[in-house]
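I opened a notebook for a structure that was new to me.

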Amino acid sequence: LEISFTNVVNEKLDIRRRLQLYRFIDGDTNKQGYIDVASRVIVIPAKFEYVCPFYGGMAVVQSDSKWGIINDLGSFIFQPSYSYIKPVSKEKGCHLPDYYILYNDEGDGIIDSLKNWIISPSDGIRVTNIHKCNWKNYFICQNRANKYAIHDGDKFMTKFVFDEIICSESCFICKQNSDKESSKYSFIRLI
């Protein structure tokens, strides 16, 4: 399928109407950008290595082998300084993210769909697992001392005291003192 479109950004494009931005690949440079399908106008030029779909006015893009998040005008909301960014939605099969996990060498971060930091990468925390239960996300996090805690998207539900956290369908099994002869187990039921 071949579609013709205007190969320049149209500054007179009416930005009051909702744009239908879709990915396109420049055949000459192999770079990716976004085109408004209704007007067939390139809104964000092909300057990225990879682009993901827009959700809520934000899209994850790769530039110079790093990942960032742009708005629907192509400006960076979060600079491309992350090794990976993962959108996370509360509902299974839903493509509208409620959170984004930003993976970085110094630590992982979590932002909500309103661009608010839930966990900052500067905290030095790793997000090691995501557990969905009752339309809610729970994040298993690991600190620099290799202890684990549970975050519910609003706050930490536990302190960083566990050596291991196992997710089951409706609860967490939390293990302490795994290096000693008598390990202690806690069960956190999700309702």
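Strands here are DSSP runs of E, at least two residues long, numbered from the N terminus. I noted that the model is predicted: local features need pLDDT of at least 70, side-chain atom pairs count only at pLDDT 80 or more, and totals for chains, interfaces and linings use all residues. Residues are numbered from 1 along each chain as its sequence is written, and side-chain values use heavy atoms, with hydrogens and water left out.

Entry 2, pairing. Strand E9 (residues 99-103) runs antiparallel to E10, and 4 bridges join them. Two strands count as paired if DSSP finds at least two bridges between them. I looked up Tyr100 and found it opposite Ile111 in E10. E10 also pairs with strand E11 (residues 117-119), again in the antiparallel sense, over 2 bridges. There Ile111 has Trp117 of E11 as its bridge partner. The hairpin of E10 and E11 has 4 residues between the strands, and Lys115 in it takes a positive phi near 75 degrees.

Buried means under 20% relative accessible area with a 1.4 Å probe, protein chains only.

The largest nonpolar core has 11 residues, among them Leu19, Tyr34, Phe48, Ala59, Val61 and Ile70. Such a core is a set of buried Ala, Val, Leu, Ile, Met, Phe, Trp, Tyr and Cys residues joined through side-chain atoms within 4.5 Å. Strand E3 (41-48) and E5 each give two or more residues to this core, and E3 gives the most, with 3. I then looked up Val61. Leaving aside its neighbours within four places in sequence, Val61 is in contact (heavy atoms within 4.5 Å) with residues including Tyr34, Phe48, Trp67 and Phe76.

I took a cavity as a set of points on a 1 Å grid over the protein atoms alone where a 1.4 Å probe fits but cannot get out; lining residues have an atom within 4 Å of a point. The count comes to 1 cavity of 30 Å³ or more. Its lining is Cys52, Pro53, Tyr55, Met58, Ala59, Val60, Pro87 and Tyr100. Strand E5 (residues 58-63) gives the most to this lining, with 3 residues.

Note on methods: 1 Å grid on protein atoms, 1.4 Å probe; cavity = no way out; pocket = protein on both sides within 12 Å on 5 of 7 lines; lining within 4 Å. Points joined across faces, edges and corners; volume = space filled by probe spheres on them. Buried < 20%, exposed > 50% of the residue type's maximum accessible area, 1.4 Å probe, protein only.
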